Amino acid sequence: MGLIINAGNAKSDAMEAIQAAKKGDFEAADEKLASANEFLVKAHHSQTGLLTAEAGGEKIDISLLMVHGQDHLMTSIAFNDLAKEVVDVYRKIYEDEK
């Protein structure tokens, strides 16, 4: 569940970063992006733990929940990458308006 929860929190924070940037609040946007990154690290650690266990011979059941967790992590990573770009675009727009 750590995989799903942390990946979901990362995606939520990345979305909040975009919303903050849209309003011109780049301090909040940067804080949300940093928080999203921390959640992604935690999710990745959960994934690594599962991979290490399986590599060590432990049988890991592939369930719908496991597939969902992997999907959630990968989409959150992609969304976070895109959010960084969107925040940068808003930052440039606001700087050019000054």
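## About the model

The model is predicted, so local features need pLDDT of at least 70 and side-chain atom pairs count only at pLDDT 80 or more, while totals for chains, interfaces and linings use all residues. Residues are numbered from 1 along each chain as its sequence is written, and side-chain values use heavy atoms, with hydrogens and water left out.

## Helix α1

Let's start with α1, which covers residues 2–22; helices here are DSSP runs of H or I with at least four residues, numbered from the N terminus. The expected span is 1.5 Å times one less than the number of residues.

Just after α1, Gly24 has a positive phi of about 85°.

## How α1 meets α2

The two helices, α1 and α2, pack at about 165°, with axes 8 Å apart; axes are lines fitted to C-alpha atoms over the stretch in contact, and angles run from 0 to 180 degrees between N-to-C directions. That makes α1 roughly antiparallel to α2 (an angle over 145 degrees).

## Gln47

Gln47 sits in helix α2 (residues 26–55) and is buried, with a relative accessible area of 13%. Beyond its neighbours within four places in sequence, Gln47 is in contact (heavy atoms within 4.5 Å) with Leu3, Gln70 and Leu73.

Technical notes: Buried < 20%, exposed > 50% of the residue type's maximum accessible area, 1.4 Å probe, protein only. Parallel < 35°, antiparallel > 145°, perpendicular 65-115°, else oblique.
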